Amino acid sequence: DSQIRKLNYQLKNIKNGKYKVKTYSVNHENGSVQEEKYRLSTASNLSLTRMEIDYLKRICTPHIQIRECIVERNVLNFETVVLPQEIQYIHISYMYE
């Protein structure tokens, strides 16, 4: 895809209370080992040294966004924006008081 997508989620039959919604994103700006390898060298068949591989492991981490959502009437609503060629992992956890 080459377009930005806005996704709305509605989860039903959820316990009322506070939830932490943590989104991990990998895209061309954050966490993409392919993009970083290309930035390192445009030669696609270039073999990397152990130090260069370790460097890529250190810098290729997903972007994290954390937000708090309140569930009322047993429905959790939240929205996320997905960039072109992006993957997301969304982790939802109940915040015990």
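Colleague: What makes the meeting of the Glu36 and Arg39 side chains a salt bridge?

Modeller: The N to O distance is 2.5 Å, and a salt bridge needs a side-chain nitrogen of Lys or Arg within 4 Å of a carboxyl oxygen of Asp or Glu, so the pair qualifies. Mind that this is a predicted model, where local features need pLDDT of at least 70, side-chain atom pairs count only at pLDDT 80 or more, and totals for chains, interfaces and linings use all residues. Residues are numbered from 1 along each chain as its sequence is written, and side-chain values use heavy atoms, leaving out hydrogens and water.

Colleague: Why is Glu36 called buried, and what is Arg39?

Modeller: Buried means under 20% relative accessible area, exposed over 50%, partly exposed in between (1.4 Å probe, protein chains only). Glu36 has 17%, so buried; Arg39 has 46%, so partly exposed.

Colleague: How many salt bridges turn up in the whole structure?

Modeller: Two. Arg50 also forms one with Asp54, with the closest N and O atoms 3.8 Å apart. Arg50 is exposed at 54%, while Asp54 is partly exposed at 29%.

Colleague: What makes E2 and E5 a strand pair?

Modeller: Strands (E) are DSSP runs of at least two residues, and helices (H or I) of at least four, numbered from the N terminus. Two strands pair if DSSP finds at least two bridges between them. Strand E2 (residues 17–26) and E5 have eight, in the antiparallel sense, so they pair. Thr23, for instance, has Ile90 in E5 as its bridge partner.
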